[in-house]
Structure formats: structure tokens, C-alpha cells
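Hello,

Please find below the structure I said I would pass on. My notes on what was found in it follow, and you can read them with the model open beside you.

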Amino acid sequence: MTKKRNKMIFTEGMKAQFSTKSIVLIPIAVGINLIGGTLCSALKLPLFLDMIGTIVIACLSGPWVSALCGLLTNVFLALVANPVYLPYSIVSVLCGLITGYMVKAGLFKRIWGTVLIWITCTLTNTVSASLITIFVYGGATGVTGSSVFTATLIATTKDIMMSVFSSSFIENLIDKGIAFFIAYIIVQKIPKRFLSQYAADTMEEDDEDEDEAE
């Protein structure tokens, strides 16, 4: 009975995230991701910058909307930029869920919490993306400039797994740091009255904290 009730609560919570306002925001968030991802791909930069919109929508709408945003971003990047992006859809979904649930826990309200989400997301992306890079693409995709660094490490160490993980960690640490910094600034600039329409629980907690402080 408890399992059935928990399942119902989980399902209702997920449905609540996909409100009309949230659905309207998805194309905007995906568009922001595509601009960053396409630009980095075209310039062969050792970055992705395809998660800024995913982070912002995680703050506004929740983890499952964020996960969908990540999935759609990779699908469109595979169509407009490079098919290599498609297998990495699972990585974007995982990062969207983790970011969304950590935001839901209230961590994005503080700088230290945002740093914690950044590190967690970096590690998640590094592990999942590296496994795909190794087992699907043989160690390098050629999409970003980091592939040259990875190839150099492989040639030097003769250890493909360590080389891919090392270059992926450095790349994601910088990339996600920039993405979270920009997303944090964007969310901080959003008026509280507008933000509360999407993340009422979070805003109520802030209001209560302010009242207690007074």
C-alpha cells in the first residue's frame, strides 16, 4: 500500500512539473543550450556550454523538465551539429535530474550549494561521458579540442581509460563551472515574483528565513 502511495505521489509530482508555463520555457532553454553547444562545436573549443538552459529550467520547473531539456538538446545537436552527440543524451538526462533534485533540495540558493551541484554534475558527466567515449567511440570523438589532449595522453601513458577520464574531468570542470556561473547569475536576476510562479516552495522557504531573521 505504501509503495503504491509513493508511486502515486511521485507520478503526480512529475506531472505537476510539466505545467503550461514550464512547457513554454523548454524551447527557450533548449535554444540557449544549442547556441552554446553549436558555437563550441563549430570553433572546436574544449568546451560544450550546452547546459546553461538546462540548469536555469531546473531552478524554474524541476528535475524531470530539466532532464527533458537535456535530452532534446542532444537530439537537436546531433541533427544540426554532429551525430556524435546522440549517445551522450543519457549524460544530459542524468545531469538534468541530478541538478534538478539538488536545486529542489535548496542547494542553488547558496553559493556553496551551487559549487556542490557543480562538482557533483562534473563527476557525473565525467564518468558517464567517458564510458561512452571509450566504448562507443574508442577514446576520442574529435568534436572538441580536448580530443587532441586525450590522444596525447593515450600516446604518452598507453592507458586509454585514465587518459579519457583525466581529459574529460578537466574539460567538464571548466565547462560546468562556466555554465553554473552564468545560470546562477541569470536566476539571481529573475524577479522573485516571477520565480515564485515556478518554484513556489523554494521561494516560500526564503521568505520564511527572512521573516525569522527579522
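**Helix α1 against helix α4**

Helix α1 (residues 2-17) and helix α4 (residues 63-80) have axes that come within 8 Å of each other and cross at roughly 60 degrees. That angle makes α1 oblique to α4. On the α1 side the contact is made by Phe10, Met14 and Gln17, and on the α4 side by Pro63, Trp64 and Val65. Sorted by class, the residues of this contact are five nonpolar, one polar and no charged. Keep in mind throughout that this is a predicted model.

**The chain as a whole**

The protein chain has ten helices and zero strands. Of its 214 residues, 44% count as buried. The chain exposes about 11,500 Å², and carbon and sulfur atoms supply 70% of that area. Among contacts between residues at least 6 apart in sequence, 70% join residues at least 24 apart.

**Ser66**

Ser66 is in helix α4. Is Ser66 buried or exposed? Ser66 has a relative accessible area of 0%, and a residue under 20% counts as buried, so Ser66 is buried. A polar atom of the Ser66 side chain lies 3.0 Å from the backbone oxygen of Thr54. Apart from neighbours within four places in sequence, Ser66 is in contact with Thr54, Ile57, Ala58 and Gly96.

**Helix α3**

How many of the nine residues of α3 are buried? Nine of the nine are, so α3 is largely enclosed by the rest of the structure. Just after α3 comes Gly62, which takes a positive phi of about 120 degrees.

**Helix α2 against helix α3**

Two packed helices are described by the angle between their axes and the distance between the axes. For α2 and α3, the angle is about 155 degrees and the axes are 7 Å apart. An angle over 145 degrees counts as roughly antiparallel, so α2 is roughly antiparallel to α3. In this contact, Ser22, Leu25, Ile26, Ala29, Ile32 and Asn33 of α2 meet Ile52, Gly53, Thr54, Ile57 and Leu60 of α3. By class, the residues of the contact divide into seven nonpolar, four polar and no charged. An α-helix has 3.6 residues a turn, so residues three or four places apart point the same way. When you look at the model, compare the numbers of the residues listed for α2, including Ser22, Ile26 and Ala29.

Leu49 lies in the loop between α2 (20-43) and α3 (52-60). Leu49 is not a glycine, although it has a positive phi of about 50 degrees. With a relative accessible area of 18%, Leu49 is buried, because the cut-off is under 20%. Ile174 is 125 residues away from Leu49 along the chain, and the C-alpha atoms of the two are separated by 9.8 Å. Where does Ile174 lie? Ile174 lies in helix α8 (residues 160-189). At 46% relative accessibility, Ile174 counts as partly exposed.

Regards

Definitions and conventions:
Residues numbered from 1 in each chain as written. Predicted model: local features only at pLDDT ≥ 70, side-chain atom pairs only at ≥ 80, totals over all residues. Heavy atoms only, no water. Axes fitted to C-alpha atoms, helices over the stretch in contact; angles between N-to-C directions. Helix = DSSP H or I, 4+ residues; strand = E, 2+ residues; numbered from the N terminus. Parallel < 35°, antiparallel > 145°, perpendicular 65-115°, else oblique. Contact = heavy atoms within 4.5 Å. Nonpolar A, V, L, I, M, F, W, Y, C, P; charged D, E, K, R; others polar. Buried < 20%, exposed > 50% of the residue type's maximum accessible area, 1.4 Å probe, protein only. Polar contact = N/O pair within 3.5 Å; in protein donor to acceptor, adjacent residues only side chain to side chain. Areas by Shrake-Rupley, 256 points an atom, 1.4 Å probe, with all protein chains shown as cover.
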